[in-house]
Amino acid sequence: MRSHLAEHLIAARRHRFIGRAQELHLFQSVLAAPELPFHVLHIFAPGGVGKTTLLAEFMRVCEEHQTPAIYLDARNTDPSPESFLGALRFAMGLPPLDSPLEALTSQAGRHVLLIDTYERIESLDEWLREAFLPQLPANTLTVLAGRHSLTSPWRADPGWQALTHILPLRNLTSAESQVYLVQRNIPPVQHQAVLDFTYGHPLALSLVADVFAQEGNIHFQPAAVPDVIRTLLETFIQQVPSPVHHQALEACALVRLTTEALLAQMVDAPDIHELFQWLRNLSFIESGRLGLFPHDLAREVLITDLRWRNPDWYAKLHDRARAYYTTRLEQTQGYQQQHILFDYTFLHRDNSAVKPYFTWQDGSLRTDTLCEGDRAALIQMVTQHEGEASAQLAAHWLKQQPQGVLIFRDAEQQPAGFFLVVALLQASREERDADPATQSAWRYLQEQAPLRPGEGATLLRFWMARDTYQVVSPIQSLIFINFMQHHRASAGLAFTFFPCAEPDFWAEIFAYADLARISKADFEVGDRLYGVYGHDWRVVPFGAWQALLAQREITASAEIMPIGTTTSYASAISSINEPLVVLSQPDFVEA
């Protein structure tokens, strides 16, 4: 028997279908249940996540179960009851005057009605909920798939609450995405770059795979595939009311969390509240506890397009966001200031020197001070990761300077990580000499950058996560943020030391953050050598340091020019290694 093209299309689509095991299991269990556990299955997700593909797979499952199924794409109908019923009549293959409702009621056994692109007929939502769906026979499962979550009347009605199951559709997992890339013959060496850009978004994966199919073995970079970016933009943004709305969208993509106050600083518009509400209602924008944020791929696409299309506006948005955060840093303290510092640091995420070293989700971690019951847990943590000799030194400083400890607690309020800062000037000579780290740091200060009256220096003596030690993790990111907060809060701070168990691993981000490698301050405990980084705040004060990082956040160039100089990035960093000559007041007058 001669096959039809439709059969080949179905086979090709089936071959390319990846993942969605939980969604398929749910649907199959509903079809097999003696009685329907719910009558409406609502699937929602941003454009390109695979809603239509999943409905096609549902149709195949119905065929396997010999369950009659009707598929209706709302793009093919006007948002009116008459047009909807006409489209349904056509999909069912009924004569022009027959009633779809009567035809459905007359059918014996279970059947499924799938309505795709539901957002196109949202104005019919009330009619469908109050008039059409209640008339369907009780053996009908209706699947609604669209970009937006169900409206509040669905959730407020006790009846529909009991009869509706809501299923948000997410991106493919990393493992599922890898399977797809292998299936599409993408070179394994390019997999991570593709995953970093697509975040498992099915349409993005498909578009990037098409680029490889057309151009062969390429080195993938998002900025080099403008057609992919444009297609994804069109998928996410179907209609933008005005240029100001587009600016608001770009601002939201740039910052970690968008509030009305921040939006007002970044966008010149008479009605910020209306702009904020418009953003809030977009299918790819999520509402968090502290503000709005776009889905990862939408953020990536918007920023990649903006940086290529209008770099001057991109830089201006950075300036405005940074100005807002700088003001807020002066107005806040504690936990609130920590969040602002996270937001401030997020502006640097696109720089290759920062992106691999930060995890932006802090989850349920809570920052706290040292409690008496924490000591044993902290010493055990140090013993596990650094050994007994280091643990004895931790116990020494926990006793001498407990005020320098900051704890990061998990959901059970147990220490999931900590850091301990030693104020070198507050320690006695005997206390400093008892630890090779403080002894080495103090010797470096005396020889290379002696403190003047009223100045202080600190050493981040211990820092680690309970389970992951000093590797990149949410706790490590919180430690970095809180160490920045420590700089701001310490009056008269002249020098900070930052030791690492793996100093080479952190070299790039520490150079970016203007922390110089100070090998003369390295120290050894047990059989491990710790490398030390440091920053002299008299050479580059906090304000100048912020200005320096501001320039670096919007460029990936190897040559980054500090304000008011012609010094290269590399030479600017290396210059910090030069000993600072600090004169006494009489010597200064004489000189």
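View 1. Because the model is predicted, local features need pLDDT of at least 70 and side-chain atom pairs count only at pLDDT 80 or more, while totals for chains, interfaces and linings use all residues. Residues are numbered from 1 along each chain as its sequence is written, and side-chain values use heavy atoms, with hydrogens and water left out.

View 2. Helices here are DSSP runs (H or I, at least four residues), as are strands (E, at least two), and both are numbered from the N terminus. Are the two partners buried or exposed? Glu64 is exposed, with a relative accessible area of 52%, but Arg60 counts as buried at 19%. For those labels, buried means under 20% relative accessible area, exposed means over 50%, and partly exposed is in between (1.4 Å probe, protein chains only).

**View 3. Arg320 reaches Asp268.** In this salt bridge, the closest N and O atoms of Arg320 and Asp268 are 3.5 Å apart. Arg320 lies in helix H17 (residues 311-331) and Asp268 in the loop between helix H14 (260-266) and helix H15 (272-280), so the pair ties together parts that are 52 residues apart in sequence. Asp268 is exposed, at 57% relative accessible area.

View 4. The closest N and O atoms of the Asp522 and Arg517 salt bridge are 2.7 Å apart. Asp522 counts as buried at 18% relative accessibility, whereas Arg517 is partly exposed at 29%. Salt bridges with shared partners also link Arg366, Asp368, Asp374 and Arg409 into one network.

**View 5. Gln546 and its contacts.** Look for Gln546 in helix H25 (residues 542-552). Gln546 counts as buried, with 15% relative accessibility. Which residues does Gln546 contact, leaving aside its neighbours within four places in sequence? They are Thr326, Leu329, Tyr344 and Arg488, where contact means heavy atoms within 4.5 Å.

**View 6. Helices H10 and H11 cross.** Helix H10 (residues 191-198) packs against helix H11 (residues 202-215) at an angle of about 140 degrees, with their axes 10 Å apart.

**View 7. Two cysteines, and the protein as a whole.** Cys62 counts as buried at 0% relative accessibility, and Cys500 is buried too, with a relative accessible area of 0%. The structure holds 0 disulfides, a disulfide being a pair of cysteine sulfur atoms within 2.5 Å. Zooming out, the protein has 27 helices and 15 strands. Of its 591 residues, 51% count as buried. The C-alpha atoms fill a box of roughly 105 × 50 × 50 Å, taken along the principal axes. Of the contacts with a separation of 6 or more, 72% come from residues 24 or more positions apart.

Notes: A salt bridge is a side-chain nitrogen of Lys or Arg within 4 Å of a carboxyl oxygen of Asp or Glu. Axes are lines fitted to C-alpha atoms, for helices over the stretch in contact, and angles run from 0 to 180 degrees between N-to-C directions.
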